[in-house]
Amino acid sequence: MCVDQKCTAIIKTFERPEQVMLLYRSIRYYYPQMPIVIVDDSERAISTTWDTYTTYVHTTYDIGVSAGRNMAVDMVKTPYTLLLDDDYVFTQNTKIERFIYTLENSCYKIVAGKWITYLQEQKKFLESSILSKKMYIVDGVLRFQTVQNDIDFVHNFFLAQTDILRKHKWDDSLKIIEHENFFWNIKNSNIGVTVLSDVEIIHLPTSRKDTNSKYIQKRWKRTQKYIQMACEKLGVNKIETIIFYAEQPLIYLYQWLRGVRKKNILMYLIYTLYKPFYAIIIRCYSLYYGFYINRIIQQITKGSSSHPTCTPYHK
């Protein structure tokens, strides 16, 4: 059976039409017939013609990411659902067949991949990261610990059994900051979660400095409100800031030094000395990934698919 018959991609989008169209084109470049469900609660609907394998729903304004995802899952007709944010782009290494193989040949119900995060406007590489965290509550704080096994918390780029997502829904009242609450419920339901480091997706987030973006204006104005609401639902006073540790050792070293720099004067000195070197490293990675991402975007915008009509899945 084809990947296209096994899996449906769901995308909740809000006030980012250019980003979601780029994601849509990238999916079609690699998976021409994969079912896609797009739920859009922007002020205005996207004016375009979608192919026959895509379901586009324009809802009332600002129903929120949780309600939008739940709505999308309700429309899925395949055994597996691929969760995507609207600021992603597929690459030749976005191998959904690897996700399917893992779920069908293990006890796991959710399998995630890794991010390559790049700020297009600033032409800056942030990290290539795998999010694999253990969640626990200590002294009223929801904390996260990086682990290799017994994972509770991953990126919002994962494949899950559709029945699992129907049974364990996102909380509709959380229009944003839904991630921690969702995975806390998954953890408490003893649902197996894992990560594949060889399945990647490009993440092109909207910069917080883009004050003209309707998405940024809406999101950051109410972030604290929904953080507080998420804390109340989890029964905690605070949610610890999640650190995305990079795969690259030299970038990881900087992230680690930044975290411990206030412990003593020696750590602060080492961090200060390393910082200029780190800036050079980031510049080199930014040039490399800028070229890599631009090449992918050029390929997918030409419109010709790199996959056969039916995409078989394999190990």
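Visitor: How many salt bridges does a search of the whole structure find?

Guide: Side chains of opposite charge can pair when their charged atoms come close. A salt bridge is a side-chain nitrogen of Lys or Arg within 4 Å of a carboxyl oxygen of Asp or Glu. The search finds 18 salt bridges. This is a predicted model, in which local features need pLDDT of at least 70 and side-chain atom pairs count only at pLDDT 80 or more, while totals for chains, interfaces and linings use all residues. Residues are numbered from 1 along each chain as its sequence is written, and side-chain values use heavy atoms, with hydrogens and water left out.

Visitor: Which parts of the chain does the pair of Glu178 and Arg69 tie together?

Guide: The side chains of Glu178 and Arg69 meet in a salt bridge, at 3.0 Å from N to O. Glu178 lies in the loop between α5 (162–167) and α6 (179–188), and Arg69 in helix α3 (residues 65–74), so the pair joins parts that are 109 residues apart in sequence. Helices here are DSSP runs (H or I, at least four residues), and strands likewise (E, at least two), numbered from the N terminus.

Visitor: Is Arg69 buried or exposed?

Guide: Buried means under 20% relative accessible area, exposed over 50%, and partly exposed in between (1.4 Å probe, protein chains only). Arg69 is buried, at 3%, and Glu178, at 8%, is buried as well.

Visitor: Which residues are linked in a network of salt bridges?

Guide: Asp62, Lys175, Lys218 and Arg222 form such a network.
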